[in-house]
Amino acid sequence: MVFVTVCLAFLLHRLMPHASLSLLFLTGVLIVSARTGLGPSLVASVLSFLAYNFFFTPPYYTLEIANDGDVATLLFFLLMAAITGNLAARMHAEIDMRRTSLQRISNLYEFSRRMSSAAGTEAVLEALADHLAWSTGRTVAVLVAAPGSLPAVRARAGRAASLHPADIEDAWSRDEPGPAVIHAWHFLKLAAHNEPVGMVAIQGQVDAEHIDLARSLCDQATVALDRTRLVADLEQARLVSETEQLRSALLSSVSHDLRTPLASIIGSTTSLLEYGDSFSTENRRDLLATVVAEAQRLDRHIQNLLDMTRLGQGKMTLRRDWVDLHDIVSSAVDRLRDALKGLPVIIDIADTVPLLWVHGVLIEQALVNLLDNAICFSPPDGRITITARAAAGRIEIDLCDDGPGIPENEREKIFDMFYTVRQGDRGSLQGTGLGLAICRGMVAAHGGNVTARDGRNGRGTCMRIVLPVTRPDGMDGE
Amino acid sequence: MNTASGTILVVEDEAQIRKFLRISLEAHGYVIYEARLGKDGLKLCESTQPQLVILDLGLPDMDGQQFIARLREWSQVPIIVLSVRSSEAQKVQALDAGANDYVTKPFGISELMARIRVVLRGAEEAASAPTVFDARGLRVDMALREVRVDGTPVHLSKKEYALLRLLIDSRGRVLTHQHILREVWGPARQDETHYLRVLVGQLRQKLGDDPASPRFIVTVQGVGYRLAVPAR
């Protein structure tokens with residue numbers, strides 16, 4: 001800088017009066033002081049004076065001081081340099097402080113953002129460990145205590161270091177406001193509702209400022225921990241109430257589905273018993289037929305309930321065997337022969353469909369439930385088609401009806417348990433609200449799925465069962 | 001087999017239940033109309049003017065409660081409700097909406113027959129509004145405000161008499177707690193069931209009625225009370 005000033009001075013000393021050159025050197029000193037600190041500015045001022053003296057004051061090119069005015073100039077130079085250098089140094093210190101505090105604030109902000117968005121306890125603890133380690137530059141461990149037991153390490157950050165259980169126990173048992181210092185570890189308690197819930201351990205020397213910082217981070221973390229705990233509690237409460245709802249839906253469904261056939265059976269039999277003598281033969285036969293049909297219906301309901309319970313408990317054991325799809329379909333249709341009441345069922349199974357390695361009874365039940373639904377929704381002149389074909393690695397079975405169809409937004413809901421029941425006493429048609437849920441459960445047990453789709457030509461509904469083509473385990477390898 | 005006469009409308013979505021009701025009721029000489037849906041039932045009610053409606057609470061197209069409310073807008077025909085719902089609240093709601101009695105499914109045919117006879121007879125007598133009620137040894141002369149049990153005069157307080165009159169006027173119907181409280185004490189007291197329990201206790205005591213096997217006032221658990229009327 002002094003060199004640049006000397007060069008400039010050489011260029012300019014012909015243009016301006018000799019005394020003004022000292023101003024040029026002063027400017028140079030000012031710039032140097034503003035940029036650096038006290039030391040460099042003093043050096044710059046001495047150098048500037050020497051250069052000024054050497055080049056521009058008579059006698060030229062000597063360091064000799066010719067008159068007293070030059071001594072005054074030297075003093076001014078030094079004074080100026082001291083003042084500005086000092087100012088500049090303070091300014092620099094100020095800027096540095098601002099910068100670190102800005103960083104700390106943004107660090108805190110980032111921390112609180114992570115805290116408030118943390119979804120669970122784990123995320124909160126990890127964020128706490130990270131930020132503590134980052135801001136103190138030490139190894140940090142976060143410990144959490146279950147009620148009635150010692151805290152255990154749940155999150156850590158920094159270099160791997162081991163905490164002795166004895167130290168943890170010691171720190172945990174201490175009841176002092178400040179941090180407990182044991183074997184180069186600083187322990188700080190985490191408290192929620194004035195109850196200690198855990199600790200933060202920081203390794204090595206930590207100054208008071210960092211302790212304060214750690215404490216404020218811990219405070220934020222406990223708030224976040226409280227929040228996540230509340231969220232978890234709420235979730236738990238919601239689950240419980242949902243289970244409760246499901247249970248009461250099950251009860252009312254069971255009571256309804258079992259009692260309705262029973263009502264017919266008891267009504268018919270008591271009628272026969274008490275007034276049978278006055279009935280015509282035809283009416284008597286009619287009532288007896290009702291009893292049989294209703295008893296069978298009751299049996300189906302009970303089977304459904306049993307299936308549902310087994311599916312719900314995950315105890316459905318598959319007894320797989322080779323089965324011909326033709327057999328399953330025809331047996332399902334056969335079981336519902338009475339309910340069909342002459343409704344045509346068109347079966348079309350492609351030749352490419354291989355033998356299935358499934359639990360035949362379950363797949364048949366799934367089909368029966370779908371068919372039962374299709375019958376319920378079919379208009380009197382409708383027809384039902386069952387088609388099956390093999391596609392890449394899987395078999396698709398479509399069961400289509402000419403019914404009213406299912407709106408797009410309900411196509412998933414129908415597989416919910418009791419969906420039809422929720423719509424009133426028994427929905428608009430016969431059904432337990434279990435049938436489709438059971439169907440899906442049984443197909444899912446085979447690794448397949450069931451979906452509702454548009455019917456043929458935009459009419460009615462197609463239910464599609466997709467089953468993967470599987471082989472017995474033994475046949476793959478051997 | 002005794003024969004009765006009358007027209008009954010059965011509104012029920014279960015074909016099997018309609019079937020045995022029709023066979024049994026027709027064997028008793030009733031004329032039966034059947035409807036599967038609530039809206040058809042309402043239409044049939046208008047065109048055939050039956051003397052009794054047997055209504056299933058769970059209909060495919062409308063709630064049974066709704067059906068009662070709609071029917072009660074223009075008709076006082078007695079209604080017997082059939083329901084698989086065993087919850088008291090449902091029964092109370094149906095009775096408050098204007099149903100006369102209910103039978104819980106599953107039921108034996110003779111139980112329903114007895115209810116039908118009581119309801120039909122009650123409606124008949126209430127319509128003719130006699131000034132003297134006389135049944136099972138209980139004789140109430142409404143003109144003289146005189147009550148006798150087996151010939152012995154019984155002195156009743158004002159409230160006790162009001163309750164007895166209410167039960168007699170509504171014979172053939174189950175009266176819900178709320179209904180009685182409203183009628184005897186006024187709307188402000190309609191949730192104070194203990195008033196009613198005490199009053200019924202007093203009335204039974206004065207009439208010499210045993211709550212365990214009531215002769216006059218029958219408790220319908222969780223729902224209300226009804227007057228025991230002999231079925232013809």
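**A walk through chains A and B**

Hi everyone, let's begin with two helices of chain B: α3, residues 64–72, and α4, residues 88–97, pack with their axes 9 Å apart and at an angle of about 10 degrees. Here axes are lines fitted to C-alpha atoms, for helices over the stretch in contact, and angles run from 0 to 180 degrees between N-to-C directions. Helices are DSSP runs of H or I with at least four residues, strands are E runs of at least two, and both are numbered from the N terminus. That angle makes α3(B) roughly parallel to α4(B), a label for angles under 35 degrees.

Before going on, this is a predicted model, where local features need pLDDT of at least 70, side-chain atom pairs count only at pLDDT 80 or more, and totals for chains, interfaces and linings use all residues. Residues are numbered from 1 along each chain as its sequence is written, while chains are lettered from A and ligands numbered from 1 in the order in which they are written.

Which residues of α3(B) and α4(B) meet? From α3(B) come B:Gly64, B:Gln65, B:Ile68, B:Ala69 and B:Arg72, and they meet B:Gln93, B:Ala94 and B:Ala97 in α4(B). Contact means that C-beta atoms, placed from the backbone, lie within 7 Å. By class, this contact of α3(B) with α4(B) has four nonpolar, three polar and one charged residues. Nonpolar covers Ala, Val, Leu, Ile, Met, Phe, Trp, Tyr, Cys and Pro; charged covers Asp, Glu, Lys and Arg; the others, Gly among them, are polar.

Now to the meeting of the chains: 19 residues of chain B are in contact with 25 residues of chain A. On the chain B side, α1 (15–27) and α5 (109–128) are the elements giving two or more residues. The largest share, seven residues, comes from α1(B). By class, that side has eleven nonpolar, five polar and three charged residues. For the complex, the predictor gives an ipTM of 0.70 and a pTM of 0.53.

Over to chain A, with its 13 helices and twelve strands. Of its 478 residues, 31% are buried, meaning that 20 or more other C-beta atoms lie within 10 Å of a residue's own, with C-beta atoms placed from the backbone.

One helix to find is α5(A), residues 121–136, whose end C-alpha atoms are 23 Å apart. Its buried residues include A:Val124, A:Leu128 and A:His131. Just after α5(A), A:Gly137 takes a positive phi of about 70 degrees.

Conventions
Parallel < 35°, antiparallel > 145°, perpendicular 65-115°, else oblique. Contact = placed C-beta atoms within 7 Å. Buried ≥ 20, exposed ≤ 12 C-beta atoms within 10 Å, placed from the backbone. Expected span 1.5 Å × (residues − 1).
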